[in-house]
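Please read the following paragraphs alongside the sequence and the coordinates, taking one element after another.

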There are 2 protein chains.
Amino acid sequence: MSHLFLRTLREDPAGAEVASHKLLIRAGYIRPQAAGIFAWLPLGLRVKAKIERVVREEMAAAGAQEVHFPALMPREAYEATGRWEEYGDLLFRLQDRKGGDYLLAPTHEEAFTLLVKDLYSSYKDLPLTIYQIQDKYRDEARPRAGLLRGREFTMKDAYSFDANDAGLEASYQAQRDAYERIFQRLGLEYVIVQADAGAMGGSRSEEFLHPTPVGEDSFVRSEGGYAANVEAFTTVVPEALPIDGLPDPVVFDSPDTPTIETLVAHVNANLAGEYTAAHTLKNVVLALTHLDGTRELVVVGLPGDRDVDDKRVEVAFAPAEVEPATAEDFAKHPLLVKGYIGPWSPEGPVLGEESATGIRYVLDPRVVDGTSWITGANIDQKHVHSLVAGRDFTADAFVEVATVREGDPAPDGSGPVSIARGMEIGHVFQLGRKYAEALGLKVLDENGKLVTVTMGSYGIGVTRILAIIAELNNDERGLIWPASVAPFDVHVVATGRDAAAFELAEKVSADLEAAGLDVLYDDRPKVSPGVKFGDAELVGVPRIVIVGRGAADGQVELWDRRTGERETVAAADAVARLTSR
Amino acid sequence: MSHLFLRTLREDPAGAEVASHKLLIRAGYIRPQAAGIFAWLPLGLRVKAKIERVVREEMAAAGAQEVHFPALMPREAYEATGRWEEYGDLLFRLQDRKGGDYLLAPTHEEAFTLLVKDLYSSYKDLPLTIYQIQDKYRDEARPRAGLLRGREFTMKDAYSFDANDAGLEASYQAQRDAYERIFQRLGLEYVIVQADAGAMGGSRSEEFLHPTPVGEDSFVRSEGGYAANVEAFTTVVPEALPIDGLPDPVVFDSPDTPTIETLVAHVNANLAGEYTAAHTLKNVVLALTHLDGTRELVVVGLPGDRDVDDKRVEVAFAPAEVEPATAEDFAKHPLLVKGYIGPWSPEGPVLGEESATGIRYVLDPRVVDGTSWITGANIDQKHVHSLVAGRDFTADAFVEVATVREGDPAPDGSGPVSIARGMEIGHVFQLGRKYAEALGLKVLDENGKLVTVTMGSYGIGVTRILAIIAELNNDERGLIWPASVAPFDVHVVATGRDAAAFELAEKVSADLEAAGLDVLYDDRPKVSPGVKFGDAELVGVPRIVIVGRGAADGQVELWDRRTGERETVAAADAVARLTSR
């Protein structure tokens, strides 16, 4: 400790909100360099190396081979797959002295695809899974929570290459199994949830989430075993109903009812029957900004008891960016009567590509043909009831953008779902042939025919996992590392001014090191016991040996950082117990 | 080998000129991604990791602690030290989504200085040496020779921090010693030469050069032990001579003598005495482009038997860029009479800040007061003789820009120097207080007084060293790695179609691995012996075991890749011999 490059801090760093961010800085593991960009100090680098070692060992066990790509990559391949544009502002772009376009890679699908195309040409060369542990860059709009959402981060990204779908399935499963082992070894509880594969163009995708109420991702699960993140949840669509014989739509006055709440109160007071928000059709006007910069209005129709879910809508309309329509948007579309918007009015269809407005109209899948709805008549202060889907209005498309609720049925019939929160710790994708097609990666199959390779992509955020482990393992006094990733195995603290204490502490340290343990020895001669204990608690090595007053009698204290228990034992016994685990 | 991600290539890659570049690509160690930017394949990554391990071990032995900085760094600190500008086009610059300026760091002096300033405040915290092994970026104008001069490269850069000069000297010596051990362990012959410290603003600087006729750097050494790179060589300045009584300058006609050669022929034919180029004063007109973009002409005066050395002139005028004056430059300075330029003409001084032209005039240190010269009279077709330094002309400054020659005296009196070539493999600098001053890094000394910290900077190009080792260890059939950095310890090759060969080869591989060796086993069933041997020679693992025809009798062949010797021995003996070394 007298030589370690470390200065622990008593104060929380400005702007740090989450525990891992505060403690990793205060305990001298990382140091901020710019928003979302950190330097790694000796303690942090040790923990990171331990996580990387676990990942490397399990990748090797799964038959994956390590390679390494530069962060700085030329534009061309990303252009070919469309991601140069699709990534938008998330991409750090730059030019070299000759004006050539480059980027700092946010992920390397293109590069791996081209590398395999460069070198391999036959089904006999496959299957192949290659990976790297590498520093990636994303220019997040709001980097926050320290390492949890940084602009630079270390990722293990693996890519599998197979000549056919069965091969992909096997490669995918091997990585999925490796991920389970990695998280088990790191002591990280996880749930595997179905994820939306659309954005990456693939067919199957799962996320590993660590369940925690403070997680930034929502996921749903049923007791029957279904689990999916909210973006991937699919609605159980009710059967369509017969339309014949349903009453015609009736327009009615509904003054001052621009919200679902005021509308429901109005119809319960003025129409026969009892109504809830579920009887109304809510129409939400969204503005999409497409990659080419064009802006398009889209109206989403969904049952009035649900809202548009931000994450689901983002996935549904990707790569376009989505935001609520603005007053300016409404001004440009005078046919939309705000607060009273509906797909139909007595003059005819109002929403839909073929309608008077030409505005795309997309529906929640629950709005099946034959269902009747109360909704806006697109006339100020008027609504309509008995408006029938499939008769009076139709969708240009169906989209999954409505909020998911506790009790919604799981799509696999395994029962009602509950909703929980989690942090993403890994992601496995079946990319399929999207990248291989875009970049021309083909191999000769058994019959000498060229076939397009099918790929998988598998990511673990190394620095993110480190932060999550820190987030889950701390108390008000500091970090408490699990033994598997702790920067040192044992922290030996010599206290007092008695030479005997320092001599014994040195011997204990030497004995522990001789047994193969990594020891952090606090040998600082003029630092008070209180400061040393405080530093030990902040730094968070799980097993601490205090060598102080009892040293003359060969006694030391074993201190368990997690439980706080202290026990006085003979020095030799302490060594024996610490090395026997 | 049947699973290894490797495809050896028979053809040299286009554009590759040096052996390491060709062979590292052909043997499947690296793959180009863009000019001077490479991906690392499994074999390459293994060699790189072995070099890094040697570096890490010696850094730890020298008391240096590992940290890690991002490649992407904000502009501010580099602005404060002037390097944001000074690096010119060598720097990859970019902006984030908010318009903030960033760079891809070519080296991290500023960041390390600020990190220590952030955390440390007392002389008691020092000495401190911290280092990283990290990927750096320089936008070289002409990336070439593969990894020898890339735009991305992995470097070990260490920085020392001390409260006083004696501390810096000790920290410097510790790193210097560590470098010697590193190069010894890597089997890299080296010469330590004095280097120019000026560009980094420091006081002492040495380079580790690997001596080789194909090296890109020149250095000089004397038998008495002096060694310096050409930029750092200093001239032994002769004593000044008395001026009194020297004859006055005489202008004479010298038609068609615009070169030193024609001038010497002319004076030998027309003047009394015997003359050589050494009697003439050559005046070379250079154009400097300063950082602020201004262009300035400078004239260098030096003995006519020497030329201006490109590297020495670059160092002498840094950070300005230097090129020969162009016709356009001459057109702007009609007072300069090309081919007949001199510092003096019958009308008065021609060169110098106080002269008619106002052009800066700098002299080689050999042009001491009292020496007489034949030089241009700055009149077309006329020269002057008996022009005396210190009487008829003076320098604005003296600069070391003349070529160094075999036989020049070493500045330390250790005898005449010889000239050799080498490749830079490491560099140690005493930076002094330049960075600490620019960035305000001070600590309290023993007397409670704030003192500016003094620093050192120590670099080894990890990927460059890898390329140099490859460059030094190959033949026409491929690479021949030294055992200390070979990707595998032993390459076992099973040949033929006999099951016995594969069984024995597997057993030999398993036995070698059980003894702790890394084994590359060529188990490919349908590949001919010739192809397997060719691959083994190309890949370059130094020790090869061939298991083929003799397998049924338990016989294998030991093949030394470097000497080409093959020897048939019993399998068990082969294992014993390979594991006993």
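Two strands are said to pair if DSSP finds at least two bridges between them, and the helices (H or I, at least four residues) and strands (E, at least two) are themselves DSSP runs, numbered from the N terminus. This is a predicted model, in which local features need pLDDT of at least 70 and side-chain atom pairs count only at pLDDT 80 or more, while totals for chains, interfaces and linings use all residues. Residues are numbered from 1 along each chain as its sequence is written, chains are lettered from A and ligands numbered from 1 in the order in which they are written, and side-chain values use heavy atoms, with hydrogens and water left out.

Another part of chain B holds an open sheet of 3 strands in the order 13-21-20, with antiparallel pairing. Strand 13 (250-253) and strand 20 (372-379) of chain B each have a single partner strand and stand at the edges, so one side of each is left without a neighbour in the sheet. From one strand to the next the twist averages 30°, where angles run from 0 to 180 degrees between N-to-C directions and axes are lines fitted to C-alpha atoms, for helices over the stretch in contact. Helix 7 (residues 260-270) of chain B lies across strand 13, strand 20 and strand 21 of chain B, running at about 100° to strand 13 of chain B.

Helix packing in chain B can be followed through helix 12 (residues 499-514) and helix 14 (residues 571-580) of chain B, whose axes are 10 Å apart and which pack at an angle of about 25°. These two helices of chain B are therefore roughly parallel to each other, since angles under 35 degrees count as roughly parallel, over 145 as roughly antiparallel, 65 to 115 as roughly perpendicular and the rest as oblique. In contact terms (heavy atoms within 4.5 Å), Leu504(B), Val508(B), Asp511(B) and Leu512(B) in helix 12 of chain B meet Ala571(B), Val575(B), Leu578(B) and Thr579(B) in helix 14 of chain B. The residues of this contact divide into 6 nonpolar, 1 polar and 1 charged, where Ala, Val, Leu, Ile, Met, Phe, Trp, Tyr, Cys and Pro count as nonpolar, Asp, Glu, Lys and Arg as charged, and the others, Gly among them, as polar.

Turning to chain A, 5 strands form an open sheet in the order 30-29-31-32-33, with mixed pairing. Strand 30 (519-522) and strand 33 (566-570) of chain A are the edge strands, each pairing on one side only, and neighbouring strands of this sheet are turned by 25° against each other on average, direction ignored. Strand 32 (residues 555-560) of chain A pairs with strand 33 of chain A in the antiparallel sense over 5 bridges, and Glu557(A) has Thr568(A) of strand 33 of chain A as its bridge partner. Helix 12 (residues 499-514) of chain A packs on the sheet, touching strand 29 (490-494), strand 30, strand 31 (543-547) and strand 32 of chain A, and its direction makes about 165° with that of strand 29 of chain A. Helix 13 (residues 529-539) of chain A also packs on the sheet, touching strand 29, strand 30, strand 31, strand 32 and strand 33 of chain A, with its direction at about 170° to that of strand 29 of chain A.

Finally, the axes of helix 2 (residues 42-61) of chain A and helix 6 (residues 165-185) of chain A come within 9 Å and cross at roughly 150°, and the two helices of chain A are therefore roughly antiparallel to each other.
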